[in-house]
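Me: Hi! I have a structure open here and would like to talk it through with you. Could you take a look?

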Amino acid sequence: MDEDFRKAALDYHRLPRPGKLSVEPTKRMATQRDLGLAYSPGVAAACEEIAANPDAAWDYTARGNMVAVVSNGTAVLGLGAIGALASKPVMEGKAVLFKKFAGIDSIDIEVEERDPQKLIEVVAALEPSFGAINLEDIKAPECFEVERQLRARMQIPVFHDDQHGTAIIVAAAIRNGLLLQGKRIEEIRLVNTGGGAAALACLDLLVEMGLRRENVTVCDIHGVVHEGREQGMDPYKARYARRTKARTLEEVLDGADVFLGLSAPRVLKAEWLGRLAPKPLIMALANPEPEILPEAVRATRPDAIVATGRSDYPNQVNNVLCFPFIFRGALDVGATAINEAMKVAAADAIAKLARVEASEVVAAAYGGHAPVFGPDYIIPKPFDPRLILEIAPAVARAAMESGVARRPIADFAAYRRELERFVFRSGYLMRPLFEADRKAPRRVVYSEGEDERTLRAVQTVLDEGIAEPVLLGRREAIEARARAMGLRMDFSESVEILDPVADTTKFAPLIELYQHRVGRRGVPPEAAARRVTTRATVAASLLLEAGLVDAALVGGTGNWMRQWHYAFDVIGKSDAASRVYAVSAVIIPTGTLFFVDTHLLVEPNAEQIAEMTLLAAEQVEAFGLTPKVALLSHSNFGGSNAPTARTMRQALKLLRERAPGLEVDGEMHADAALVPAIRARAVPDSTLADTANLLVFPNLDSANISFNLLKAAADGLQVGPILIGMKKPIHVLVPSVTARGIVNLTAVAVQQANAMRAAAG
């Protein structure tokens, strides 16, 4: 690494506090009672339950979500036997990845012990503390025996990731590579260089998946592994010894379909590539420099598919693709082991995920252009958030079917929804709407049909079954972009495309409608006609107004307020409301808060504040939540007689008259709204219980500033803005909206459409 990167890495580990891990409590410890429950005397109850039934530890302790990352530092990241203490940054990093990708709590344990039997004793004694053991960076061949004995002795999963994690990713890559090359694993010939722990684990798993052992040739630093060889041999490597006169790597390459390198840089020469079979698969996985560089392969064998261990080339084989999610699935069923069936299931799940369109997160990492399954994309990227949704359930199911699950999952659909919290922070909030919308999906038009975010969102909408999409734009452009993105939507059945320019039969009546709407607002007929064909928001709004769709999502590009005016000019407000407002939600680690009005009304009066509060409360209820309303102010329960404070007090009076069952109080400080103890010190008889979730502000400035400040400071996720008070369901997307944000607003729009239908009878 260069010196600048080295310094940055050292600063990363040292600042602002040393290391990459900390321990945080998961329960409140704010009162003497809390301490009594957490420790003495309350802790005795949990201890007694576990003493009577050891499996109760999964219910009363963190053991079921705790993994130990154990190493003796004898084979660290290409650094070799640097010792247990020097390996600690690596093990801390592994623990951080468990937490980041799968929500698993992990502790790194570095053991200064080179004797395999003594290391086995140390690790075996840890069983009461952990739900699983991840062995890391233990050299071969000792690692084989350490893992074998621990698996025999312990009733929790023991997994040497250097072996099996690599094997699972390699197996997934080979499965997809062979699919693209038109070959079957049962018929191929494979040559491996390395013969170490990872290589042998790869071969074992591939044999489990159908590779014939007699079609495998292994080479190591001493040459071909052949029958009768004694130098550098061990029982594990001897399983792959072949009867052959060949002694060098070059000699055994003839007709090989797969080259699997887990050895050293530059051991595969470009001039040897012609010996390989047509359409070979080359896995050059030595790090940091592979056995052969991909550009050298392309120059000589353009028919080859290449994978490496490096992030700067396509098809990176990286263990983080699987190990967090394998442990997630194993822990969630209380597995006693991670067996071959679970590893095969993980490999199949990874391979399958690469064959569907890449996620928005992956697209962002590629500058907005997601890769499509093909020679340069045979395995997903490590940061694809859907990995946990595919791998963990596959592993859990395989554990159950193979008889190693102590806590079987009864409902895999519910389990998958639980896992969504690691992927979509909006999952819990949106779930009630998704479930309701699936029962009555409605036609939703998207004004920016050619936008990649829209297309990716529409694919998710179709997969979830929550709406019937209509895309505005040029048909050829939409279809070409969807193909380039690898999307699966069917434009002949499931998705309709409308082009305001080309579909004159559909839009001619809408032009006339628009001319009547804006003719007395300074827009002459010719200009109005141009707007319909050049302003997608106008065209989408007209489709909604004419009843050709049930809801609309517009904007996402350009000025938000201009798009809003285009939409409002066509749709207008509800007859039941005096005006339109915007409510926005922000999801933070402690829950979801709704803010109103964040976008439209600059200085509301008391009547308008009461109205926006009631409309927003209805929307909160649509999410399956009980609205708990705080009317916010610089004044705290009568502490000021300023105009805004009086306005909030008057709004409270109106709300209590119109909605006596609504949980609402004010005017109050923001901290009093969110911390019941502070509120209780200010007034003993507040009608608001617990923490407020709907925050109502005295003006637009305070609402918008507070919303954006919290979103940025707490790394919050935005849902909205949701327009309330419109005559029909239409929402204007902000320019920063993501594909997931479009999906979420689609669900809101469908919910509103169904609510309006129900209200109309």
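Reply: Happy to! One term to start with: a charge sits over a ring if NZ of Lys or CZ of Arg is within 6 Å of the ring centre and within 35 degrees of the ring normal. Also keep in mind that this is a predicted model.

Me: Good to know. Which ring does the charged end of K94 sit over?

Reply: That would be the ring of F323, with the charged end of K94 4.2 Å from its centre.

Me: What does UniProt list for K94?

Reply: The UniProt entry, which is unreviewed, lists K94 under "active site". Such annotations may be inferred rather than shown by experiment.

Me: Where is K94, and is this lysine buried or exposed?

Reply: K94 is in helix α5, residues 88-102. Its relative accessibility is 6%, so K94 counts as buried, the cut-off being under 20%.

Me: What is K94 in contact with, apart from its neighbours within four places in sequence?

Reply: Leaving those neighbours aside, K94 contacts V69, N134, E136, D161 and F323.

Me: On to the rings, then. How many aromatic pairs does the structure hold?

Reply: There are 10 aromatic pairs. One of them is F98 with F327: the ring centres are 5.1 Å apart and the planes are at 90°, so this pair is edge-to-face. It links distant parts of the chain, as F98 is in helix α5 and F327 is in helix α13 (residues 323-332), 229 residues apart.

Me: Are F98 and F327 buried or exposed?

Reply: F98 and F327 are both buried.

Me: Which residues are in the ring cluster with F98?

Reply: Ring pairs link F98 with F159, F323 and F327 into a cluster. F323 is also the residue whose ring lies under the charged end of K94.

Me: How about F412 and Y415, what is the geometry there?

Reply: F412 and Y415 form an edge-to-face pair, 6.1 Å centre to centre with 85° between the planes. Both lie in helix α17 (residues 412-419), 3 residues apart, which is about one turn of the helix. F412 and Y415 are both buried.

Me: Which charged end sits over the ring of F412?

Reply: The charged end of R397 does, 3.9 Å from the centre of the F412 ring.

Me: Which strands does β11 pair with?

Reply: β11 runs parallel to strand β12 (residues 467-472), joined by 5 bridges, and R443 has E468 as its bridge partner in β12. The chain gets from β11 to β12 through helix α19 (residues 452-464), and this β-α-β crossover is right-handed. β11 also pairs with strand β14 (residues 551-555) in the parallel sense, over 3 bridges. There, V445 stands opposite A552 of β14.

Me: And β5? Which residues cover its two faces?

Reply: In general, side chains of a regular strand alternate between the two faces of the sheet. In β5 (residues 190-193), L190 and N192 are on one side, V191 and T193 are on the other, and all are buried.

Me: What does β5 pair with?

Reply: Strand β6 (residues 216-220) is parallel to β5 and joined to it by 4 bridges, with L190 opposite V216. β5, helix α9 (residues 197-208) and β6 make up a right-handed β-α-β unit. Strand β8 (residues 258-261) pairs with β5 too, in the parallel sense over 4 bridges, and V191 stands opposite F259 in β8.

Me: Last topic, the backbone. Where are the cis peptide bonds?

Reply: One joins A140 and P141, with omega about 0°; P141 lies in the loop between β3 (132-135) and α7 (142-153). Another joins N287 and P288, with omega about 5°, and P288 is in the loop between β9 (281-284) and α12 (294-300).

Me: Which residues other than glycine have a positive phi?

Reply: R266 is one of them, with phi near 65°, in the loop between β8 and β9. D715 is another, with phi near 50°, in the loop between α29 (700-713) and β20 (717-724). D715 is exposed, at 53% relative accessible area. As background, most residues other than glycine have a negative phi, and most peptide bonds are trans.

Definitions and conventions: Residues numbered from 1 in each chain as written. Predicted model: local features only at pLDDT ≥ 70, side-chain atom pairs only at ≥ 80, totals over all residues. Heavy atoms only, no water. Pairing = 2+ DSSP bridges. Right-handed = clockwise from strand over helix to strand, strands pointing away. Buried < 20%, exposed > 50% of the residue type's maximum accessible area, 1.4 Å probe, protein only. Contact = heavy atoms within 4.5 Å. Phe/Tyr/Trp six-rings, centres within 6.5 Å; stacked < 30°, edge-to-face > 60°.
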